[in-house]
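Please study the sequence and the structure before reading each solution.

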Amino acid sequence: MKSNIWTIIKKEFARFFGDRQLIFTAVIMPGLLIYLIYSLMGTGINNMIADSENQQITLRVENMPESMNELMTSYICPFCKLETASFTQDDIDKLDSKDVNTLLVRFPADFDQQVEDYNSFETEEVPNIEVYYNSANMAVSAFKQKVCSDIMEYNRGYTINRVDEENPTQYDVADESIGAMIWSKILPMLILMMLFSGVMAIAPSAIAGEKERGTIATLLVTPMKRNELAIGKIVSLSCIALLSGISSFIGIALSLPNMISAEDANLGFDYTFNDYIALMFIIFSSVLIMASAVSLLSALAKDVKNAGTMITPFMLVVMLCGLVPLMQDGASESVTSYFIPFYNSIQAMTAVFAHDLNWGFVAVTLGANIIFAGIAVWGLTKMFNSEKIMFNK
Amino acid sequence: MEEILHAEGLCKTFTLSRKQQKIERTTVKRKTAVDHLTFSAYRGEIFGLLGPNGAGKTTTLRMLSTLIRPDEGDAILDGCSVVNQPEEVRGKIGFLTSELKLEDFFTPNYLFDFFSRLHGVEEAVIRKRKERMFSRFGIDRFAEVKVANLSTGMKQKLSLVISLVHDPEIIIFDEPTNGLDVLTARTVTDYLQELRGDGKTIILSTHIFSLVERLCDRVGIIIDGHMTVCGTLSEVCDGIPLEDRFFNIYKEVKGGEE
């Protein structure tokens, strides 16, 4: 039995690795494309940021309050040219030109007094600060964000005074980088999609294609057991799809430095050996279940074209599973989630990327996926045995 | 004479799709392709299944080769049942029909090894047998040419060789000379006689009378899924040419209907 499975696997490998075009489309192209697209995107974004950082911005403040002096001179001023002067409507109109790198801020003449009155309940009116800028100018726009948030921080310091006793003092205890949060939301979906596209590139041709070309019947008249053919097909397709997935992964890994500028060290990959091992198990079992599912649909299809039509709705469901992490806070804590194929892979990967690895859940995912792959082998065997499915056109 | 194949009450019905119903101008949803077919074949003979198109010849051969399962009845091939031991049966037969295709991407050399291994043939035997068969059919010069680039005749010869990689005792051929040029057809029929000489049993289906007269030891005439006559060629012909005999039988069977 083992040797027949191996013979089928070897044949599928020979078919794949002997076809340069197929290798290029399924293995080289995904990684290369991802690398090129991400690198170009990253370089573009970094250039835009660099451009805006290189521009000298003028911040003109009217009625600079005493209390704001330190904030402005010590924290904001290093990033700009600070002018303390009043401005007119004419000055505001001039901001229309994208080339004018100026931000205008107007405080009420008695800003400090107004803040004091507000804090001592003399008035309910919050002191109003006016900020004029041109949002089309990226550098000014980004700088405006910084100035506003700094002023807001300052302002909040005052307003909070009113409820100070009840307001708990906040300490941020997060020891993980913001990267973990971002990766855990994006990477599971990306990985799943890449693996799926790898399976899609080869599985329909390997099963529906053989049906269409009449070559599967030649295999079916050999004494090989149908389940050997099913296992051989699923295992070989999984391996090839994995190669395609690895290629995409390398593409991402190589383009990461271009995507994330060195200054954003927080976004770095800080995963442990255990995380990678868990990820490997999850990816292997995901590929297996994907190849199984796509093989089943391909066997059911009349030809390759029909297989494509049948697989598309299924792919959309898998994509939806991939979107789940975007809507949730961290991976699911319920063990049931890890029994559902595809959804379990997404959840388990989310946990790994969020530095929340749970070996129990990884084991359940692995076990569930292997069981489902086993069921798929049984189903595919039944299909290979079914004259209706194999020979009806 | 040693009986090597015995089919007993083989039945097969198919569900007709609406499209097929329209083509056949019928409202009946199920069509009986083979109706309680019983016959035997003996070791070392060529047995021909003769009948018009749609008589049930191909369906019978597909049941014998375990590609499809009979609804009723069974066939025992060299001691193995097509219903209960399909894998063992497939190990004992070589089946060739135009439906079975070879992957265009591979070379004759690769395919011979691949199918030999699936049949569990030993490596040393594979090598020797390949050499002999390839040179017998002139495939040796094209051993490393992809199937896609072979001529139609060469593809047919390769299919024949591939179906015999395991040196089976029973060889089942569906329309063995269909679509072949005269030269290739001759090569195939000569080889069938050679195989008979080696003690192999050959079951073939055809609607070509001359082929049956030239090759077959025994013949069964199938009309509408029924075995109407079965016996040695001389028994069936009963002193008149096979073609005339066939039309007489055909008229007898169909005459009542028309």
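The axis of a helix is here a line fitted to its C-alpha atoms over the stretch in contact, and angles run from 0 to 180 degrees between N-to-C directions. The model to which this is applied is a predicted one.

**Exercise 1.** Describe how helix 11 and helix 12 of chain A cross, and state which residues make the contact.

*Solution.* Step 1: Two packed helices are described by the angle between their axes and the distance between the axes. Step 2: For helix 11 (residues 304-327) and helix 12 (residues 343-353) of chain A, the axes come within 9 Å and cross at roughly 35°. Step 3: The crossing of these two helices is right-handed. Step 4: Helix 11 of chain A contributes A:Cys321, A:Gly322, A:Val324 and A:Pro325 to the contact, while helix 12 of chain A contributes A:Tyr343, A:Ile346 and A:Thr350. Step 5: Sorted by class, five residues of this contact are nonpolar, two are polar and none is charged.

**Exercise 2.** State into which domains chain A is divided and how far apart their C-alpha centres lie.

*Solution.* Step 1: Domain 1 of chain A comprises 2-45 + 177-391, and domain 2 comprises 55-163. Step 2: The C-alpha centres of domain 1 and domain 2 of chain A are 53 Å apart.

**Exercise 3.** Characterise the side of chain B that touches chain A.

*Solution.* Step 1: In chain B, 20 residues are in contact with 19 residues of chain A. Step 2: Helix 3 (86-92) and helix 4 (108-118) of chain B each provide at least two residues of this side. Step 3: The largest share, five residues, belongs to helix 4 of chain B. Step 4: The residues of this side of chain B comprise 10 nonpolar, three polar and seven charged.

How values were computed. Residues numbered from 1 in each chain as written. Chains lettered and ligands numbered in written order. Predicted model: local features only at pLDDT ≥ 70, side-chain atom pairs only at ≥ 80, totals over all residues. Helix = DSSP H or I, 4+ residues; strand = E, 2+ residues; numbered from the N terminus. Left-handed = near helix turned anticlockwise from the far one by under 90°. Contact = placed C-beta atoms within 7 Å. Nonpolar A, V, L, I, M, F, W, Y, C, P; charged D, E, K, R; others polar. Domains from an automatic or database assignment.
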